Amino acid sequence: MYQKMSREEREAKYHISLSKEDIRKRTIRDVVLLLVFGIIYYFMVKYSPITPRCYFNELTGLKCPACGVTRMILSLMHFDLRSAFNYNQYLFITSPYMVGEIIYLFYINESKIPMNRVNKIILYVWLVGLIVFGVIRNLI
């Protein structure tokens, strides 16, 4: 079980400053890096022949729960919400949650604190929903 450590103990263990300002700066840095990689990915997919492949789809002929995400993101970049929704309904609807969760995970990683129980439950429910969506989209 997780033993609650004081801020000073976590700072000594991880050899970093855990002041609110430093945590905020590192979290912002992580989010900016994620955005930079997202922009690079966008240009790579949009303007080069390199596109991601779905090996699940190639092996089974079925759509995986994440099939359509690249096309969904490209549609969102062009503000084509109808097409974005049609490519992957579940991830389109839950994308605000995903963005918030990613930022939260960056924050708790930089704070060196464990994820709270409620957030874990919500994340597991979201993952189960994703799997159920993957099954249902292939049955319909």
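The following legends describe views of a predicted model of one protein chain.

**Figure 1. Overall fold of the protein chain, with 7 helices and 0 strands.** Along the sequence, the elements follow the order α-α-α-α-α-α-α. The radius of gyration is 19 Å, well over the 14 Å given by the globule rule for 140 residues, so the protein chain is more spread out than a compact globule. The C-alpha trace spans about 55 × 35 × 30 Å along its principal axes. Of the contacts with a separation of 6 or more, 53% join residues 24 or more positions apart.

**Figure 2. Surface and charge of the protein chain.** Buried residues make up 24% of the 140 residues. The side chains include 18 positive and 10 negative ones, and the centres of these two sets lie 7 Å apart.

**Figure 3. The aromatic pair of Tyr42 and Phe43.** A search of the whole structure finds 6 aromatic pairs. In the pair of Tyr42 and Phe43, the ring centres are 5.2 Å apart and the planes meet at 75°, so the arrangement is edge-to-face; the cut-off for this class is over 60 degrees. Tyr42 has a relative accessibility of 13% and therefore counts as buried. Phe43, at 45% relative accessibility, counts as partly exposed.

**Figure 4. The aromatic pair of Tyr90 and Phe133.** The rings of Tyr90 and Phe133 are stacked, with 5.8 Å from centre to centre and 20° between the planes. Tyr90 belongs to helix α6 (residues 89–111) and Phe133 to helix α7, so the pair ties together parts that are 43 residues apart in sequence. Tyr90 is buried, its relative accessible area being 17%. Phe133 is likewise buried, with a relative accessible area of 13%. Both residues belong to one aromatic cluster, formed by Tyr90, Tyr97, Trp126 and Phe133.

Figure 5. When neighbours within four places in sequence are left aside, Asn119 is in contact with Glu101 and Tyr104.

Technical notes:
Residues numbered from 1 in each chain as written. Predicted model: local features only at pLDDT ≥ 70, side-chain atom pairs only at ≥ 80, totals over all residues. Heavy atoms only, no water. Helix = DSSP H or I, 4+ residues; strand = E, 2+ residues; numbered from the N terminus. Rg over C-alpha atoms; globule rule 2.2 N^0.38 Å. Buried < 20%, exposed > 50% of the residue type's maximum accessible area, 1.4 Å probe, protein only. Contact = heavy atoms within 4.5 Å. Lys, Arg positive; Asp, Glu negative; His and termini not counted. Charge placed at Lys NZ, Arg CZ, Asp CG, Glu CD. Phe/Tyr/Trp six-rings, centres within 6.5 Å; stacked < 30°, edge-to-face > 60°.
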